[in-house]
Amino acid sequence: MRIGELAERTGTSRRLLRYYEEQGLIAASRSANGYREYDERFVDRVLQIRGLLDAGLPTRIIRQILPCLDKPRVIHFSDATPEMIATLEQERDRMTERVECLIRNRDAIAEYLDTVRGGLRSETAAETPARPAVAIAS
């Protein structure tokens with residue numbers, strides 16, 4: 001697929017896709033006319049990259065862990081340094097904190113909505129005169 005289709009399918013700008021390519025996160029082949037062409041697998045890859053960037057990981061770390069994204073059960077880094085491991089542990093812990101914060105915020109919003117909806121139901125019930133129940137025979 002060409003860059004426009006990848007952009008559309010992932011909700012990512014063409015400019016950002018070219019940046020991902022510059023950073024070594026994705027790779028395009030070139031057609032005879034020089035257009036970038038992407039394999040179908042890059043749809044998921046771009047979505048994964050966006051999620052990791054949204055979580056706060058820098059592109060240099062994402063580039064290092066990309067092999068794990070394709071085959072998470074076959075992970076082996078012969079060049080994993082103690083610094084890289086420490087950085088990944090810090091990023092994992094930071095993500096966990098963000099997830100916990102998001103869960104707390106989601107729960108608070110849900111509770112607020114329940115309260116507001118309950119209040120609206122009470123107001124509607126107070127404004128609407130009670131109707132006698134109608135039995136429907138079957």
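**Note on the predicted model: helices, core and aromatic pairs**

1. Helix 3 has a set of buried residues: F42, V43, R45, V46, I49 and L52. The structure is a predicted model, and the points below should be read as describing that model. Helix 3 covers residues 42-54, and its 13 residues should span 18 Å at 1.5 Å a residue; the end C-alpha atoms lie 18 Å apart, which agrees. After helix 3 comes G56, with a positive phi near 105 degrees.

2. On the overall layout, the chain holds 5 helices and 2 strands. Read from the N terminus, the order of elements is α-α-β-β-α-α-α. The chain has 138 residues, of which 22% are buried. Among contacts with a separation of 6 or more, 51% come from residues 24 or more positions apart.

3. The largest nonpolar core has 21 residues, and those touching the most other members are L6, L17, Y20, I26, Y38, I49 and I62. Two or more residues each come from helix 1 (3-10), helix 2, helix 3 and helix 4 (59-70). Helix 3 is the element that gives the most to this core, with 5 residues.

4. L17 deserves a separate entry. Leaving aside residues up to four places away in sequence, L17 touches I3, L6, A7, T12, I26 and V46. L17 is itself listed with the core residues that touch the most other members.

5. Which residues of helix 1 are buried? They are I3, G4, L6, A7 and T10. These residues cover an arc of only 165 degrees around the axis, so they lie on the same side of helix 1. In general, an α-helix has 3.6 residues a turn, so residues three or four places apart point the same way. The buried residues of helix 1 pack against helix 2, strand 2 (36-37) and helix 3. G11 follows helix 1 and has a positive phi, near 65 degrees.

6. The count of aromatic pairs is 2. Y19 and Y20 make a tilted pair, with centres 6.5 Å apart and 55 degrees between the planes. Y20 is buried, because its relative accessible area is 1%; a residue counts as buried under 20%.

7. Y38 and F42 form an edge-to-face pair, 6.1 Å centre to centre, with 80 degrees between the planes. Y38 has a relative accessible area of 3% and is therefore buried. F42, at 5% relative accessibility, also counts as buried. The charged end of R41 sits over the ring of F42, at 4.4 Å from the ring centre.

8. A28 lies in the loop between helix 2 (14-22) and strand 1 (29-30). Residues up to four places away in sequence aside, A28 touches E21, R36, E37 and Y38. Y38 is the residue that pairs with F42. A28 and M1 are 27 residues apart in sequence, while their C-alpha atoms are 9.7 Å apart in space.

Notes: Residues are numbered from 1 along each chain as its sequence is written. This is a predicted model: local features need pLDDT of at least 70, side-chain atom pairs count only at pLDDT 80 or more; totals for chains, interfaces and linings use all residues. Side-chain values use heavy atoms; hydrogens and water are left out. Helices (H or I, at least four residues) and strands (E, at least two) are DSSP runs, numbered from the N terminus. Contact means heavy atoms within 4.5 Å. Rings of Phe, Tyr and Trp (its six-membered ring) pair if their centres lie within 6.5 Å; planes under 30 degrees apart count as stacked, over 60 as edge-to-face and the rest as tilted. Buried means under 20% relative accessible area, exposed over 50%, partly exposed in between (1.4 Å probe, protein chains only). A charge sits over a ring if NZ of Lys or CZ of Arg is within 6 Å of the ring centre and within 35 degrees of the ring normal. The expected span of a helix is 1.5 Å times one less than its number of residues. A nonpolar core is a set of buried Ala, Val, Leu, Ile, Met, Phe, Trp, Tyr and Cys residues joined through side-chain atoms within 4.5 Å. The arc is that of the directions from the helix axis to the C-beta atoms.
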